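Q: I am new to this structure and would like a short tour. Could we go through it step by step?

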Amino acid sequence: MTVTPQDAQKYEEKEFGFWLYLMSDAIIFACLFATYLVMVGNAAGGPTGKELFSLERAAAETALLLFSSTTFGVAAVALSQGDRSKVLLWLAVTFALGAGFIFLEFGEFAGMIAEGAGPDRSGFLSAFFTLVGTHGLHVSVGLLWILVMIGQVLFKGLTAPVASRVMRLGLFWHFLDIIWVVIFSVVYLPGLL
């Protein structure tokens, strides 16, 4: 991967632009967290987090995302070593872990709605579904992006543009893991007490 100084500058500019996007996304999540914290006590006589949340499910979701962050890190190391087959392997493992997370989250939402605890039940549930659902939507976009990058690595190889995109995907994926740790700490743990 030979990169000219002009190309290096172009990749740095794209990375800077992506950091700006992540900061705007962080502001959106901050607003969603603030809304949740205001609404958490407004259950309107309906179920609260203590009655709805499962520590085991939330811990499993957390483990899946944290392991996926680790496997993405291994993919990034393989990328820096130019090992195409390992990049593909670890991106696929990351995808599988992220898909497992989405599967658990979808099951949680479906179970809550089946019990009559949907987002229209109370302000608390509306804020919960919005916050956690927005994160889940981001993870789903990340999963699609992983598939696109697997395709690009397969068909284009580990070129400088592909490597730059994989690294920005890594920033996005790790950002989502950080947001999830905050969700686990702010939503699930206090909701179970």
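A: Let us begin with the surface. The chain exposes about 9600 Å², and carbon and sulfur atoms supply 70% of it. Accessible areas come from the Shrake-Rupley method with a 1.4 Å probe, and for residues only the protein chains shown count as cover.

Q: What kind of model is this?
A: This is a predicted model, in which local features need pLDDT of at least 70 and side-chain atom pairs count only at pLDDT 80 or more, while totals for chains, interfaces and linings use all residues. Residues are numbered from 1 along each chain as its sequence is written, and side-chain values use heavy atoms, with hydrogens and water left out.

Q: How many helices and strands are there?
A: The chain has 6 helices and 0 strands, giving the pattern α-α-α-α-α-α along the sequence. Helices (H or I, at least four residues) and strands (E, at least two) are DSSP runs, numbered from the N terminus.

Q: What box do the C-alpha atoms fill?
A: Along the principal axes, the box is roughly 65 × 30 × 25 Å.

Q: And how much of the chain is buried?
A: Of its 193 residues, 42% count as buried. Buried means under 20% relative accessible area, exposed over 50%, and partly exposed in between, with a 1.4 Å probe and protein chains only.

Q: Which residues touch the most other members of the largest nonpolar core?
A: They are Phe53, Phe128, Ile183 and Tyr188, in a core of 50 residues. Helices α1 (5-39), α3 (55-80), α4 (84-114), α5 (123-156) and α6 (160-192) each supply at least two residues of this core, and the largest share, 14 residues, comes from α6. A nonpolar core is a set of buried Ala, Val, Leu, Ile, Met, Phe, Trp, Tyr and Cys residues joined through side-chain atoms within 4.5 Å.

Q: What does Ile183 touch?
A: Not counting residues up to four places away in sequence, Ile183 touches Phe33, Leu131, Val132, His135 and Tyr188. Contact means heavy atoms within 4.5 Å.

Q: Switching topic, where is Thr134 found?
A: Thr134 lies in helix α5. Leaving aside neighbours within four places in sequence, Thr134 is in contact with Phe29, Leu32 and Phe129. The C-alpha atoms of Thr134 and Leu158 are separated by 32 Å, with the two residues 24 apart along the chain.

Q: Why does Gln9 count as partly exposed?
A: Gln9 counts as partly exposed because its relative accessibility is 47%. Gln9 is in helix α1.
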